[in-house]
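The following questions and answers show how a structural term is tied to a computed value. Please keep the sequence and the structure in view while reading.

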Protein chains: 4
Amino acid sequence: MPQQPPLGVAVIGTGRMGADHVRRIDEVVHGARVAAVVDVDAERAKAVAGRVEGCAAYTEPAAAMASSDVDALLIASPGPAHEAALLQAFAHDLPVLCEKPLTPDPAAALRVLEAEQRLGHRRVQVGFMRRYDAGFMRLKSVLDAGEFGRPLMLHCQHRNASTPPGFTSQMMINDSVVHEIDTTRWLLDQEITAVTVLRPAPSTAAPAHLSDPQLVLFETSGGAVVDVEIFVNCGFGYQVRCEAVCESGSARTGEEAGLVTHSAGRWGGTIPQDFVPRFAEAYDRQVQRWVDATRRGTVEGPSSWDGYAAAAVCEAGVTAQATGRRTTTELIERPALYA
Amino acid sequence: MPQQPPLGVAVIGTGRMGADHVRRIDEVVHGARVAAVVDVDAERAKAVAGRVEGCAAYTEPAAAMASSDVDALLIASPGPAHEAALLQAFAHDLPVLCEKPLTPDPAAALRVLEAEQRLGHRRVQVGFMRRYDAGFMRLKSVLDAGEFGRPLMLHCQHRNASTPPGFTSQMMINDSVVHEIDTTRWLLDQEITAVTVLRPAPSTAAPAHLSDPQLVLFETSGGAVVDVEIFVNCGFGYQVRCEAVCESGSARTGEEAGLVTHSAGRWGGTIPQDFVPRFAEAYDRQVQRWVDATRRGTVEGPSSWDGYAAAAVCEAGVTAQATGRRTTTELIERPALYA
Amino acid sequence: MPQQPPLGVAVIGTGRMGADHVRRIDEVVHGARVAAVVDVDAERAKAVAGRVEGCAAYTEPAAAMASSDVDALLIASPGPAHEAALLQAFAHDLPVLCEKPLTPDPAAALRVLEAEQRLGHRRVQVGFMRRYDAGFMRLKSVLDAGEFGRPLMLHCQHRNASTPPGFTSQMMINDSVVHEIDTTRWLLDQEITAVTVLRPAPSTAAPAHLSDPQLVLFETSGGAVVDVEIFVNCGFGYQVRCEAVCESGSARTGEEAGLVTHSAGRWGGTIPQDFVPRFAEAYDRQVQRWVDATRRGTVEGPSSWDGYAAAAVCEAGVTAQATGRRTTTELIERPALYA
Amino acid sequence: MPQQPPLGVAVIGTGRMGADHVRRIDEVVHGARVAAVVDVDAERAKAVAGRVEGCAAYTEPAAAMASSDVDALLIASPGPAHEAALLQAFAHDLPVLCEKPLTPDPAAALRVLEAEQRLGHRRVQVGFMRRYDAGFMRLKSVLDAGEFGRPLMLHCQHRNASTPPGFTSQMMINDSVVHEIDTTRWLLDQEITAVTVLRPAPSTAAPAHLSDPQLVLFETSGGAVVDVEIFVNCGFGYQVRCEAVCESGSARTGEEAGLVTHSAGRWGGTIPQDFVPRFAEAYDRQVQRWVDATRRGTVEGPSSWDGYAAAAVCEAGVTAQATGRRTTTELIERPALYA
């Protein structure tokens, strides 16, 4: 029986996320290789490609897609560039793992949805990597089994040690809470129908323009209520927690774990300082599962529909944040392709 | 030096709470004795008094107050009877530990405030026993020390295994969330200025008329935001948790503790089934501290003002619950006596 | 029905433990008062007595015992003085709570046993306060219920932040491990039949003469094996833990609890620095239960037999420590009075 | 730059461990492929090979080693077959990942050591997979950093839910405690110099012939003392824990983690039922690191020396178990190749 060759992946965008995906495919993932990298910065593309055997460097996604070495795309370029890259990928009928967001706004996401429907089959997996975190997977499986009855509420916490320069209040929704938006939709298998944002008096540790922390509330199509603490300058580390409160029990993920030490009058452990150690295995698993599915000729994981819905809820969230008012979300009817 | 005799306490009301306070004073508390019990049910009063040495039984609070054996009152009768008993106590200038609520509504509470001010000195401690729970006391002391900066948010959970017959949605605010109202005011040293209530699709385990669970939101005079899960038919036990999120750190109380067992494929421990084991030591400490202060001739702990403010926020909460709208609270100006 | 007067207690010895018991009886315990204090240092006795209403000061135990105000004794003098005080107490037929050790050696303990037997009824409770710690009480009750089958092993840890000047290796057994000796005998309801001591290369943080930490092993009459880490200069705080390994499950007490904080890259909590906060409630409960039993005319809790057995195992432990050899213990046959 | 082809691995032995390694290399590991499988059972070899693209089946290790497709060996055959396979591998100068034990006895291990020395370079990594568990790696890194000073004691627990038929007391040492032997040597970077085994009265849940649980004690060349609870019929699941007690702090790994649930009066989580979920990531990481090192032309991880030392300590452990006596271990001088 002949051996199946590794999947040739073109990684589009070689910033922090893109470069990390290049390393992941080159060193960790089974059954794939980095066939090409693409970056508008030709020098950076070449530098990254030079670290990988047999990897070409391009400045245009189209050029990579035209290469016979390229079987699939991992899009890690900035969000505004996603739509064009996705439409080109559809033209080449190539499978795509697209880092979140699918697109920065719901209108663009709708255009992607329509193009994928014209193609007639799913090609896109969106990079909501929490769905591949061991803890969230266990939580999902407890909820799906209905062990504790129907979920009624989710309590979520999402904390970053600090924000980079230029981080805005809207980014708290679009870049951070977007993960809780997807988590909520996925865990509950319901759509988010309304968003409310409460803004406490900001921490003095936050940049002057940033209303940090905030409490974001979701209402869902199935009547669940979700509260999300988003606190991006908490100072002490990176934390993501979620408790699902069900009819006869509750389940929490993201609690403290790891080495327990005793010293200097204290017990406890360390908190990761950013998302890399917290979700490293989730990223690995996400890409491995995508490669495995792609080699089997299937598409799994979060779809373009999930990317569109997240964009629509983000839009409502930013409005709710700006107005202080409960803001409802309106989604188009779910196309049959994403049923 | 002559020995100070024990404080003679009349316990008014011999229902579940009252009878437990009789036992506590008779068996646990140092420096006090049950001098009298009062209950409209003469048989019950006599039965309870008969279990305590030297204890008289009355059907009228006034009769107990007139006894030379009675130095102080512990009011554990139903809430609607509190106002009359308190006013009589003021007439006898007797120190009082009054079970919560001070009164069922803010108008009655205001009359109590006014009477106490006419008396010219504080006589009332209100039975918000959480202030005497070791965990909450540690949390308060961390916040007061400012170790982690200013508190920005509180996340609270309050769960009961199930409700007795006749338990109403309003009682979820007036009997249950009232504890989080006092906890918030005490921990933050701020007033609650607005209440919002979100009601998820109710649990099928809840009685038909009860919208259970609910998510109650407080905004405070210092700009903090507080979320409270109140879930009174959670099925699995009694849980009270509170996490204070501050500018550079967070602190949680009420986490699982106690014996950790491993058996039958599971690790963990037991959850108390009601408030008695959870707050037994808090009740003991509350009454002991009240007795100690009373014997020293001072009044400490939650005041009539705290009872009034709680009643006012409860009233706003019940409105918020009924209307689904954010409801602001209006307090009178804080009298000098309670400064 | 006339009121029973409080139990008049004479506290013998007003060092750290004695003074704390005086405070406890004076301020915390229900149904007792400090009628007298005794100390060879007349000034200290007077100073302590002066802080308590109606309290006499003596330099001789016999003088206190002769007082009609004294109904019971709490012996908190140094161990070598216990035997004489106990024999005098028997002469006055007074109930006694005797701080551990009952006596410093088994020969003296045997003389106390014989004297108590001549008296014909139990008069002594020994101050093994762990039996009154909530966590250990729960562990005992799980074992007694046989929920997980027969206990096979205990894993114990006993750590102090540091030792006072003059603390010797023998004191590691006689003052520290003596608690695990009693805990083992009580939890398992078995006698300890052999002791082995292993001595790792000592910590550089320990005083030069002290072989710290050590691993002490017990074998019991029922075939259980117990390991005890004794580490009295661990540097970081005071910790007492015990895990009982049974046929179908295990149960641990003494795990970290209390406020959980997040700050500066760490999660966790504080460790108490000495036994006072760790066992404060156990001391309170021990004395309260002793007072309650005494007022009912009964004697409960750890007996002179338990004091004797502990002394005998300590003696074997010190030998095992000095020789590096497994050392068996020999107890007299258990007298009927202690059956 | 040409792409490096995947490492062709021959897996020798297709029992539970071997078949799992085949799956791992075929589906998880990056940079390797299963080029051949070997099993004395030709049908089983063919069946396993048939599930993998381009995989040959052999009944003799030598045949696989002669294949030009085979670059490295993973030996997962029964322990008694290891020596012959290792010596053949040396003849072909092939890199080997050898499942533990290196050999069942120290004499055979010495012959392997000598042969590898004659070869003149290290070729063998022994499958002590705990060294690749995230928790143990963190513990090792804390100890190596010397954050808490020198390690003085280790407390270890190793529990299995139950044993398969035919499991003997010697296997408790050779198959189970061997992991703690390697863990001790690796964490402390010291040799084990003496072993003592204490045997409590066995659990009634253990098979009649099995003295289960046991307490195994190690003394090390650096003066540390290690206690190991080995309990292979604990009934409730699979647990591996280790606490390192150092001069100024302690660190534990293996504590309960994962989803925390509340239901039916209990809080807690599930315990894995065997080593597969507990150490799945450690196995993946072990094989990935071996493949990575092999492709770089280096040998890392536990060496033949570690395999020999473990065998020698196991031999002493079995003697200690049988005799009830402290048994010293004698190692040959460490050859320069393993310095």
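Q: In this predicted model, which residues of chain A do ring pairs link into a cluster?
A: The cluster consists of Tyr238(A), Phe275(A), Phe279(A) and Tyr283(A), which ring pairs link.

Q: What makes the charged end of Arg278(A) count as sitting over the ring of Phe279(A)?
A: The charged end of Arg278(A) is 4.4 Å from the centre of the ring of Phe279(A). The distance has to be within 6 Å, and the charge within 35 degrees of the ring normal. In chain B, the charged end of Arg278(B) sits over the ring of Phe279(B), 4.4 Å from its centre.

Q: How many aromatic pairs does a search of the whole structure find?
A: Over all chains, the search finds 18 aromatic pairs.

Q: Why is the pair of Trp267(A) and Trp267(C) called edge-to-face?
A: The ring centres of Trp267(A) and Trp267(C) are 6.1 Å apart, and rings pair if their centres lie within 6.5 Å. The planes stand at 80 degrees, and an angle over 60 counts as edge-to-face. The pair is therefore edge-to-face.

Q: How do you know that the pair joins two chains?
A: Trp267(A) lies in strand 14 of chain A, whereas Trp267(C) lies in strand 14 of chain C, so the pair joins two chains.

Q: Why does Trp267(A) count as buried?
A: Buried means under 20% relative accessible area. Trp267(A) has 9% relative accessibility and therefore counts as buried. Trp267(C), at 9%, counts as buried too.

Q: What makes the pair of Phe275(B) and Tyr283(B) tilted?
A: Planes under 30 degrees apart count as stacked and those over 60 as edge-to-face, with the rest tilted. The planes of Phe275(B) and Tyr283(B) are at 55 degrees, so this pair is tilted; the ring centres are 6.2 Å apart.

Q: Are Phe275(B) and Tyr283(B) buried or exposed?
A: Phe275(B) has 21% relative accessibility, so Phe275(B) counts as partly exposed. Tyr283(B), with a relative accessible area of 7%, is buried.

Q: How do you know that the span of helix 7 of chain D agrees with its 20 residues?
A: At 1.5 Å a residue, helix 7 of chain D should span 28 Å, and its end C-alpha atoms are 27 Å apart, which agrees. Helix 7 of chain D also bends by about 55 degrees at Val177(D).

Methods: Residues numbered from 1 in each chain as written. Chains lettered and ligands numbered in written order. Predicted model: local features only at pLDDT ≥ 70, side-chain atom pairs only at ≥ 80, totals over all residues. Heavy atoms only, no water. Helix = DSSP H or I, 4+ residues; strand = E, 2+ residues; numbered from the N terminus. Expected span 1.5 Å × (residues − 1). Bend = angle between axes of the 7 residues up to and from the residue. Phe/Tyr/Trp six-rings, centres within 6.5 Å; stacked < 30°, edge-to-face > 60°. Buried < 20%, exposed > 50% of the residue type's maximum accessible area, 1.4 Å probe, protein only.
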